[in-house]
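Hi everyone, thanks for making time this morning. Have a look at the model on the screen, and I'll walk you through a few parts of it.

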Amino acid sequence: MSKPDPPQYIWFNGKLCPWHEATVHVWSELATRGANVFEGIRCYKQKDGSFALLSLDRHLARLFDSVRLLRMSSSYTSDQLSIGIAELIHTLSLNQHVYIRPTIYIEYGRYGDIYKDAEYGAYIVAFSIPRNTDVTKGIRCGVSSWRRSGDLMMSPLIKAGAAYQAFRLPIIEARRQGYDEAILLNANDYVAETTGSTIFIVRRGEIITPPLSAGILESITRSHIIKLVESKLGKTVIERDITRTELYLADELFLAGTLAELTPVLSIDDQPIGNGQVGLITETLRTTYLDICEGITSDHFGWMTPLSQLSR
Ligand SMILES: Cc1ncc(COP(=O)(O)O)c(C=O)c1O
């Protein structure tokens with residue numbers, strides 16, 4: 001497996017430092033028990049060549065929700081992380097869309113110890129991310145034999161690094177079966193989400209997505225799509241449980257997430273969705289969403305924060 005070249009710099013505990021100097025001991029909580037919470041944020045190159053971050057405040061709010069839910073603490077505030085993100089992107093002088101990963105971790109302090117006495121750290125990684133062709137051509141999914149955890153089993157609302165190990169076997173299974181992505185059901189046999197995105201189905205003109213109680217991350221893109229459906233299509237997204245069988249009956253099906261953006265799903269378990277092509281509603285929402293992200297149409301929802309607005 002070829003290793004991509006790492007970025008030159010990383011923001012590590014309050015300052016920019018060369019990539020190879022950002023180290024944490026193997027006996028840290030971060031290394032031994034995966035004690036971290038993180039976010040995945042996109043910074044889009046705009047039509048005019050400038051850069052703007054998508055939903056920065058909401059991502060940082062969710063990061064600190066994860067900190068609170070796991071009863072962690074942080075040595076850095078949300079404002080300090082925003083400034084760190086700006087400093088890092090400017091220093092790396094990237095010239096295409098950027099993916100940013102702020103992470104808060106526990107260096108020392110086993111769970112069960114008084115969490116305020118633990119030692120915390122934070123880092124931010126940023127790198128260029130080319131346009132994913134899946135967004136235009138669509139992908140093939142399989143329903144996993146593995147389940148998404150529920151609220152009482154490491155809540156899906158907590159975006160913790162260790163929790164993502166639960167997606168390792170589903171994605172390996174999906175790839176072995178020849179699919180691009182796994183769809184996970186929850187303990188009640190209803191559709192939850194994929195290993196990195198929420199699911200929307202279109203059936204008989206209705207647009208439906210699983211509720212938060214189905215065992216999903218409180219996806220920021222999901223809430224954007226709900227707003228877009230209202231403003232662009234004049235419809236209300238129905239938030240309700242979806243059965244596995246309903247997936248096969250969908251006229252259209254798409255995934256939504258920061259990384260996935262809006263990715264059409266063309267088949268599930270080798271059964272074509274609708275006519276097996278990207279559907280009209282999916283296409284309309286995808287184009288509208290990406291046009292706002294890339295500054296092609298005006299951002300009347302207030303999703304974007306120009307990079308130039310973040311003080312350094
Ligand atoms: C498991 C999971 N579900 C859903 C999402 C989509 O969330 P968002 O739209 O906030 O990126 C992600 C991505 O972060 C994810 O990892």
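Before the helices, a quick word on angles: a helix axis here is a line fitted to the C-alpha atoms over the stretch in contact, and the angle between two axes is taken between their N-to-C directions, from 0 to 180 degrees. And please keep in mind that this is a predicted model.

So, how do α2 and α3 pack? Helix α2, residues 56-69, and helix α3, residues 78-92, meet at an angle of about 130 degrees, and their axes are 10 Å apart. That makes the two helices, α2 and α3, oblique to each other. Their crossing is right-handed. If you want to find the contact on screen, look for L56, L60 and F64 on the α2 side, which meet S78, L81 and S82 on the α3 side. By class, that contact between α2 and α3 has 4 nonpolar residues, 2 polar ones and no charged ones.

Now over to the strands. Strand β7, residues 119-128, pairs with β6, residues 98-108, in the antiparallel sense, over 10 bridges. Within that pairing, V98 stands opposite S128 of β7. Strand β1, residues 9-12, also runs antiparallel to β7, joined to it by 2 bridges. There, F12 has Y123 in β7 as its bridge partner.

Last stop, the ligand. Which residues surround it? Among them are G40, E193, S197, T198, R222 and T258. The shell divides into 2 nonpolar, 8 polar and 2 charged residues. Helix α6, residues 220-233, gives the most to that shell, with 3 residues.

That's my tour, and I'm happy to go back to any part of it.

Methods:
Residues numbered from 1 in each chain as written. Predicted model: local features only at pLDDT ≥ 70, side-chain atom pairs only at ≥ 80, totals over all residues. Helix = DSSP H or I, 4+ residues; strand = E, 2+ residues; numbered from the N terminus. Parallel < 35°, antiparallel > 145°, perpendicular 65-115°, else oblique. Left-handed = near helix turned anticlockwise from the far one by under 90°. Contact = placed C-beta atoms within 7 Å. Nonpolar A, V, L, I, M, F, W, Y, C, P; charged D, E, K, R; others polar. Near = placed C-beta within 6 Å. Pairing = 2+ DSSP bridges.
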